[in-house]
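The following exercises are intended for a reader who meets this structure for the first time. Each task is followed by a solution in steps.

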Amino acid sequence: MVGLRRAKTLVFVVLVVMATTIANGAKMLQENDKDEPSKGSVQTRIDVKALGAKADGKTDDSKAFADAWKKACELKSPSKIKVSKGKYLVKTLEFKGPCKSAVTFEMDGHIMAPSKATPGKPHCGWINFEKLENFNLNGHGAIFDGQGAHAWKINDCAKTGKCNTLPINIRITDLTNSKIKGIKSTNSKLFHMNIINCKNLTLEDIGIDAPPESLNTDGIHIGRSNGVRLVRAKIKTGDDCISIGDGTENFLVENVECGPGHGIAIGSLGKYPNEQPVRGVTIRRSLIKNTDNGVRIKTWPGSPPGIVSNILFQDITMENVSLPILIDQVYCPHGHCKKGGPSKVKLSDITYRDIKGTSASKVAVKLLCSPGVPCTDITLSNIDFVHTGKKEPLVSACSDVKPKLKGKMEPPACTEKAKPDS
């Protein structure tokens, strides 16, 4: 009987060992399957360092990024490109689709551009994301450093009116159902982020940083896109914090801190023929401080016909802003504009609601609309400004517009006629 019990015990131990071995083997297979796209839906991981990136801030790591992208984009199941901590010096990169499956960037490292400014094709980009669907970039605070100081010195836009040949830091084109989160663009040579032809794109926890003297470094420019959301951003730059171009529809901006810079702008519009309407733009719950302008709409004189409608500016605080609320339909920077004829961009259904703060100049509200197509359905609701550090009363100036007034109005609306450059 004792022998029989020992035999049974031995068999039990063997069975336990076999079960444990099988279970561990299955676990190892599952872990290995993470790198095998054909085994299921688990993402394949691709590490740029494993492909040769040095991340020392000196070696050109462009090839490792290009190789990682090529591998990820060709996979038939979702993939994840890992950029671990370090500084990666890269030249122009093209992350272009369409890809065979969704790609995610997990970025813990910082990306650096060459410091030398080399002009390229108009509207060219340094880092380019193009023709992608279900793309995700998780930045975890990753920095895209354009090293733009040299470019700002050679920028001759004020003389020539042409300033689009320097590279944009991050160019985002034809992205659908995608999300970019937790990245920071610094010291771009031209625009920081340019968003064109995108649908259902979310930008979240975005940082933009460049000094006030950095020329033409718009923080985020958007055009010909529908359903873009910008949620939580801090933007410091030398031009518009956000500039909204033609064809922008259903654009939401929320919880943005802007300044220094030129403020948040719709436009400029009307410079080119056949521009698409701007509709359904909401800017809300934001702070604008130490800027030249607050929220403005700008169109060129002598323009072709255009449309701006269904615009809401709501719950915005201004701190030391030179001109907090501005419609400028005779926009003409550096004298580079057509002479003769008013702007034909029609502005309608525009609401300014619950906007308050301090104005650094006497004119806090200026609605300079076009005599060719006067503004209609403009609403001012609960406007409350005081003069920064002065007891001098503020002014609200208007032309070719009769705004609807609701709630508090400080300064009183339209007490003067608005004039160009006043």
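Which residues does aspartate 400 touch, not counting residues up to four places away in sequence?

**Solution.** The structure is a predicted model, in which local features need pLDDT of at least 70 and side-chain atom pairs count only at pLDDT 80 or more, while totals for chains, interfaces and linings use all residues. Residues are numbered from 1 along each chain as its sequence is written, and side-chain values use heavy atoms, with hydrogens and water left out.

- Step 1. Aspartate 400 is placed in the loop between strand 25 and strand 26; helices (H or I, at least four residues) and strands (E, at least two) are DSSP runs, numbered from the N terminus.
- Step 2. With contact meaning heavy atoms within 4.5 Å, aspartate 400 touches Cys369, Ser370, Pro371, Pro374 and Cys375.
- Step 3. The classes are buried under 20% relative accessible area, exposed over 50%, and partly exposed in between (1.4 Å probe, protein chains only).

**Exercise 1.** Determine how many disulfides a search of the whole structure finds, and describe the pair of cysteine 369 and cysteine 375.

**Solution.** 

- Step 1. A disulfide is a pair of cysteine sulfur atoms within 2.5 Å.
- Step 2. The search of the whole structure gives 4 disulfides.
- Step 3. In one of them, the sulfur atoms of cysteine 369 and cysteine 375 are 2.0 Å apart.
- Step 4. The torsion about this S-S bond is about -105°, so the disulfide of cysteine 369 and cysteine 375 is left-handed.
- Step 5. Both cysteine 369 and cysteine 375 are buried, and both are among the residues that aspartate 400 touches.

**Exercise 2.** Is the disulfide of cysteine 241 and cysteine 258 right-handed or left-handed?

**Solution.** 

- Step 1. The sulfur atoms of cysteine 241 and cysteine 258 are 2.1 Å apart, in a disulfide.
- Step 2. The link spans distant parts of the chain, 17 residues apart, from cysteine 241 in the loop between strand 14 (229-236) and strand 15 (242-244) to cysteine 258 in strand 16 (residues 249-258).
- Step 3. The torsion about the S-S bond is about 80°, so the disulfide of cysteine 241 and cysteine 258 is right-handed.
- Step 4. Cysteine 241 has a relative accessible area of 0% and is buried; cysteine 258 is likewise buried at 0%.

**Exercise 3.** How many bridges join strand 14 to strand 16?

**Solution.** 

- Step 1. Two strands pair if DSSP finds at least two bridges between them.
- Step 2. Strand 14 and strand 16 run parallel and are joined by 6 bridges. Leucine 230 has valine 253, in strand 16, as its bridge partner.
- Step 3. Strand 14 is also joined to strand 12 (residues 199-209), by 7 bridges, and these two strands run parallel. Isoleucine 206 stands opposite alanine 233 of strand 14.

**Exercise 4.** Where is glutamine 147 placed, and which residues does it touch beyond four places in sequence?

**Solution.** 

- Step 1. Glutamine 147 lies in the loop between strand 9 (136-145) and helix 3 (149-154).
- Step 2. The residues in contact with glutamine 147 include Met112, Ala113, Thr186 and Lys189.
- Step 3. The relative accessibility of glutamine 147 is 25%, so this residue is partly exposed.
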